[in-house]
Amino acid sequence: MQAHDIVEQLPTVRGSDLVATAVRMMAEAHLPGLVVVDGRARPRAVLPGTQVLRLTLPRALLEDPALARTIDEANAGLFWSELGDLTVDECLPRHDPRPAAVRPDATLVEVAALMARARSPLVAVVGPAGTLVGGITLVRLLDVLAGDAPG
């Protein structure tokens, strides 16, 4: 079995999209992460859900766990309102890492190895021109692999 056999159509975001919109889309679609595409529908980045969550939190809270403890639940939602016009581009890492992506003819073992190396529950599947074909989630991959497993 190959990547093209289990690829799914997943919503994507662009760098110009608002972070709040991207996070809301991820939550509503129950996605394990997001694929950020350019104007030609080529993946620029694959962000695991934990990286997307990092986009919503002030850097100080990420660097100091004790500071995070000082924020009560009543004020935790204020971070959403503070995102304002912050775009996905403004939050992407400055270095441009290659997105976690495979070709449609990649084996499922290749997909699993990439997920493990990239620590990403989502990989993009890209066609010959580098355009996005879809994505493979960890849950989808495990469903298929577990279905093929003996016992």
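Is Ala106 buried or exposed, going by its relative accessible area? Here are a few notes on that and on the elements around it.

1. First, a word on what you are looking at: this is a predicted model, in which local features need pLDDT of at least 70, side-chain atom pairs count only at pLDDT 80 or more, and totals for chains, interfaces and linings use all residues. Residues are numbered from 1 along each chain as its sequence is written, and side-chain values use heavy atoms, with hydrogens and water left out.

2. Ala106 is buried, at a relative accessible area of 6% (buried means under 20%, exposed over 50% and partly exposed in between, with a 1.4 Å probe and protein chains only). You will find Ala106 in the loop between E4 and H9; helices (H or I, at least four residues) and strands (E, at least two) are DSSP runs numbered from the N terminus. Beyond its neighbours within four places in sequence, Ala106 is in contact with Gln2, Ala3 and Val111, where contact means heavy atoms within 4.5 Å.

3. E4, E5 and E6 form an open, mixed sheet in that order. Its edge strands, E4 (101-102) and E6 (132-137), each pair on one side only; two strands pair if DSSP finds at least two bridges between them. Helix H9 (residues 108-118) packs on this sheet and touches E4, E5 and E6, its direction making about 130° with that of E5 (axes are lines fitted to C-alpha atoms, for helices over the stretch in contact, and angles run from 0 to 180 degrees between N-to-C directions).

4. Strand E5 (residues 122-126) pairs with E6 in the antiparallel sense over five bridges. Within E6, Ile136 stands opposite Val123.

5. Now to the other pair of strands: E2 (residues 33-37) and E3 run antiparallel and are joined by five bridges. Leu34 has Leu47 in E3 as its bridge partner. The hairpin of E2 and E3 has five residues between the strands, and Ala41 there takes a positive phi near 65°. Five of the six residues of E3 are buried.

6. Which residues of helix H3 (residues 49-56) are buried? They are Gly49, Val52, Leu55 and Thr56. These residues lie on the same side of H3 because they cover an arc of only 105° around the axis, the arc being that of the directions from the helix axis to the C-beta atoms.
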